[in-house]
Amino acid sequence: MVLGFFRGALGWVRLELSRKPWEQRLISLRKLRCIVGVHILYALELLIISDIINSFLTGLDYEPGENFFTSSVFYGLIQLAMVVAIRTSIDYFLSKELDSIHESGISEKPVESGNW
């Protein structure tokens, strides 16, 4: 995600310093949004995987004799489910936005400014 941020920031600075017409800047900005969005999607998926692995590693201290629903493992699984649900929904809606940007045609003439 850090790589995507720096890549996007550098691209934005280059875009602002360029002397291109506004329409060409909008096209470049759409491409830049897609690049940064893909980096964010990959980072979210890696964070979900790391949370699942962390949950399994911390859940190894469960003893079969204790009540599962009052154990710290159960609360950890509930917390994991909530975090995964939030990150998955962010991932879903971000990918839909990137698809709509891509379907609108990155190389096509941009829509009126303010409606993108």
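1. Why does D51 count as partly exposed? The reason is its relative accessibility of 22%, because partly exposed covers what falls between buried (under 20% relative accessible area) and exposed (over 50%), with a 1.4 Å probe and protein chains only.

2. Basis of the note. The model is predicted, so local features need pLDDT of at least 70 and side-chain atom pairs count only at pLDDT 80 or more, whereas totals for chains, interfaces and linings use all residues. Residues are numbered from 1 along each chain as its sequence is written, and side-chain values use heavy atoms, with hydrogens and water left out.

3. Overall architecture. The protein chain has three helices and zero strands, where helices (H or I, at least four residues) and strands (E, at least two) are DSSP runs numbered from the N terminus. From the N terminus on, the order of the elements is α-α-α. Of the 116 residues of the protein chain, 24% count as buried.

4. Salt bridges. Side chains of opposite charge can pair when their charged atoms come close. The criterion here is a side-chain nitrogen of Lys or Arg within 4 Å of a carboxyl oxygen of Asp or Glu, and by this rule there are two salt bridges.

5. The bridge between E97 and R33. The side chains of these two residues meet at 2.3 Å, N to O. The pair links distant parts of the chain, with E97 in helix α3 (residues 72-103) and R33 in helix α2, 64 residues apart. E97 counts as partly exposed because its relative accessibility is 35%, and R33 is placed in that class at 28%.

6. The bridge between D51 and R87. For this salt bridge the N to O distance is 2.4 Å. Here too distant parts of the chain are linked: D51 belongs to helix α2 and R87 to helix α3, and they are 36 residues apart.

7. C34 lies in helix α2 and is buried, because its relative accessible area is 13%. In helix α3 lies T88, which is partly exposed because its relative accessibility is 40%; the C-alpha atoms of T88 and L41, 47 residues apart along the chain, are 9.7 Å from each other. A85 also has its place in helix α3 and is partly exposed, given a relative accessible area of 44%. A85 and I48 are 37 residues apart in sequence, and their C-alpha to C-alpha distance is 9.5 Å.

8. Nonpolar surface patch. L46, I49, I53 and L57 form a nonpolar patch on the surface, and together they have about 410 Å² of accessible area. Patches are made of residues with over 30% relative accessible area and no salt bridge; like charges are joined within 9 Å, and nonpolar side chains (Val, Leu, Ile, Met, Phe, Trp, Tyr) within 5 Å. The areas come from the Shrake-Rupley method with a 1.4 Å probe, and for residues only the protein chains shown count as cover.

9. Aromatic pairs. A pair of aromatic rings is described by the distance of the centres and the angle of the planes. Rings of Phe, Tyr and Trp (its six-membered ring) pair if their centres lie within 6.5 Å; planes under 30 degrees apart count as stacked, over 60 as edge-to-face and the rest as tilted. This rule gives two aromatic pairs. F5 and F6 form an edge-to-face pair, 5.5 Å centre to centre with 65 degrees between the planes; F5 and F6 are both exposed. Y92 and F93 also form an edge-to-face pair, at 5.1 Å and 75 degrees. Y92 is partly exposed because its relative accessibility is 45%, whereas F93 is exposed because its value is 55%.

10. Second largest pocket. This pocket has a volume of about 200 Å³. A pocket is an open set of points on a 1 Å grid over the protein atoms alone, where a 1.4 Å probe fits, with protein on both sides within 12 Å along at least five of seven lines; lining residues have an atom within 4 Å of a point. The volume is the space filled by probe spheres set on the points, which are joined across faces, edges and corners. Among the lining residues are R7, L10, R14, K31 and I35. The elements that give two or more residues to this lining are α1 (2-17) and α2, and the largest share, five residues, comes from α1.
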